[in-house]
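Thanks for making the time, everyone. I would like to walk through one model this morning, so please have a look at the screen.

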Amino acid sequence: MRDQIWASLNDTKYKGYCLGFLVDKFQKWDRNINIFLAIASSTSIAAWAIWKVNPMVWAAIIAFSQVLTAIKPYIPYFKYVKELNTKSLKVDLLNIEFERLWYKLQHKKVTNEQAVEIYFDLRRQSTEIFNFGDDIIFEVKSKIEKRANERMKTFLKNNYGIAININK
């Protein structure tokens, strides 16, 4: 049971870091799209200067902004941010409970039977949290995995004195 609790603690912590990095990524994309659309729609005065010098550039900007405005409801970044932020908070709270269970187990403040009950309750919560709806599809890229692994190295070193070498 001890190994399972430790593995789950590490797994949920890693997934929490991944969620946090995904939130950052999707927030940046959503913000950048909104900034572009705001600039494109509010620069009509500057457009005359650009239009005279290079009409194709301005026409391309306007065309792209119109297409982007039309498809924006189908670009789910805002929805991803909202969903992942909610899940990220729940994962952070779950991680605290896994750490609490690990502490209690290490200091014999809980029996093995009690640890089993708490562990499986936490695993149930984890399954509920990491269940995404069918309309939420995203991929965790290797760059995010690498950042999460680096954060895990720091977490394990700072909180448990464990130095690890992650070659990913």
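Predicted model: local features only at pLDDT ≥ 70, side-chain atom pairs only at ≥ 80, totals over all residues.

In which helix is the place of S126? S126 sits in helix α5, residues 112-129, where helices are DSSP runs of H or I with at least four residues, numbered from the N terminus. Residues are numbered from 1 along each chain as its sequence is written, and side-chain values use heavy atoms, with hydrogens and water left out.

S126 has 6% relative accessibility and therefore counts as buried, the cut-off being under 20% relative accessible area with a 1.4 Å probe and protein chains only. Not counting residues up to four places away in sequence, S126 touches T12 and L94, contact meaning heavy atoms within 4.5 Å.

Turning to the nonpolar core, by which I mean buried Ala, Val, Leu, Ile, Met, Phe, Trp, Tyr and Cys residues joined through side-chain atoms within 4.5 Å, the largest one has 35 residues, and I5, F26 and L84 have the most contacts inside it. Two or more residues of this core come from each of α1, α4 (77-106), α5 and α6 (142-160), and α1 gives the largest share, 12 residues. Leaving aside neighbours within four places in sequence, I5 is in contact with F98, L101, W102, L105, A115 and Y119.

Note on methods:
Buried < 20%, exposed > 50% of the residue type's maximum accessible area, 1.4 Å probe, protein only.
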